[in-house]
Every structure is written in C-alpha cells, then in structure tokens.
Amino acid sequence: MDIRAALTELCDAFNAHDLDRIMALFADDCVLEMPRGNEPWGARFAGKANVRNALAGRFEGLPDVHYGDAKHFVDSGASTGISKWTLTGTARDGSKKNVRGCDFYTFRDGKVIHKDSYWKIVE
C-alpha cells in the first residue's frame, strides 16, 4: 500500500469536506481519537458510523476548516503515517482558529483503522 498517497488523499478529502470520500478510506472497525475530551486520549469514537458522525460534527463546528501546509511522514513497516498541518477556520461563534497539529494514522489492508489527532494549545 502507498501510505503517502493515502495520507495525501485523506488531507485532500478533509479539505473538500467530503465525508463519503474520507470514510471510503476507513475500515469498518476504525477508531478516531479527537484532541478534546474528558479522557487522556481526548474523545474516542469507534466504528465507521460513529467516526463519520464525529467528523461531521467537526465540519459543522468549523464550516470553513482547512488543513494547510501539510507534510506527510511514513513508516511502511509499521503501517503508520503522520500528517502535520496548520488548521484554520472560523467557529460558529465567530472565533478564528489557526493552530498547528498532526494526525497519527494506522492502516490495515489499505484502510485507516486508527486516527489519533493532536492540536497545539493556543492561549
């Protein structure tokens, strides 16, 4: 599998806000860990339907979200990849977001089985 191509496609699909395109790259038993939540891992969503709903919430909360300046790193032996980016967007309350972050992806059989997202804390 070409993990770098998958990371590029994921970033492009996220920037297009295309949930169908995004979810086509995820396995049925996938897990998503978002930066914010009540646990050390943030908020965890398991299963394709729950992951889709969580990502839909991201697009609703930041309707113009964009992941720019993307750089991708691959460890083919571990079936993992990292995408670093700068997230920009405007929240529903009008507040502007401009933050560096990264996603750690794990793949199995060409599909994402785990996506773990991190953001810098801007104060």
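A: Three helices and six strands make up the secondary structure of the protein chain in this predicted model. Along the sequence they run α-α-β-β-α-β-β-β-β. The radius of gyration is 14 Å, close to the 14 Å that the globule rule gives for 123 residues, so the chain is as compact as a globular protein of that length. Its C-alpha atoms fill a box of roughly 40 × 30 × 30 Å along the principal axes.

Now the core. The largest nonpolar core holds 31 residues. Those touching the most other members are Leu10, Phe14, Ile22, Phe26, Leu55, Leu87 and Phe107. Helices and strands both contribute: α1 (3-15), α2 (19-23), α3 (48-61), β1 (26-39), β4 (80-90), β5 (96-108) and β6 (111-119) each supply at least two residues. Helix α1 gives the most, with seven residues.

Leu55 shows the packing in detail. Setting aside neighbours within four places in sequence, Leu55 is in contact with Phe14, Leu19, Ile22, Met23 and Leu32. Two of these partners, Phe14 and Ile22, are also listed with Leu55 among the residues that touch the most other core members.

The wider chain gives the setting. Of its 123 residues, 40% count as buried. Among contacts with a separation of 6 or more, 48% join residues 24 or more positions apart. As for charge, the chain has 17 positive and 18 negative charges, whose mean positions are 4 Å apart.

Technical notes. Residues are numbered from 1 along each chain as its sequence is written. This is a predicted model: local features need pLDDT of at least 70, side-chain atom pairs count only at pLDDT 80 or more; totals for chains, interfaces and linings use all residues. Side-chain values use heavy atoms; hydrogens and water are left out. A nonpolar core is a set of buried Ala, Val, Leu, Ile, Met, Phe, Trp, Tyr and Cys residues joined through side-chain atoms within 4.5 Å. Buried means under 20% relative accessible area, exposed over 50%, partly exposed in between (1.4 Å probe, protein chains only). Helices (H or I, at least four residues) and strands (E, at least two) are DSSP runs, numbered from the N terminus. Contact means heavy atoms within 4.5 Å. The radius of gyration is taken over C-alpha atoms; the globule rule is 2.2 Å times the number of residues to the power 0.38. Lys and Arg count as positive and Asp and Glu as negative; His and the chain ends are not counted. The place of a charge is taken as NZ of Lys, CZ of Arg, CG of Asp or CD of Glu.
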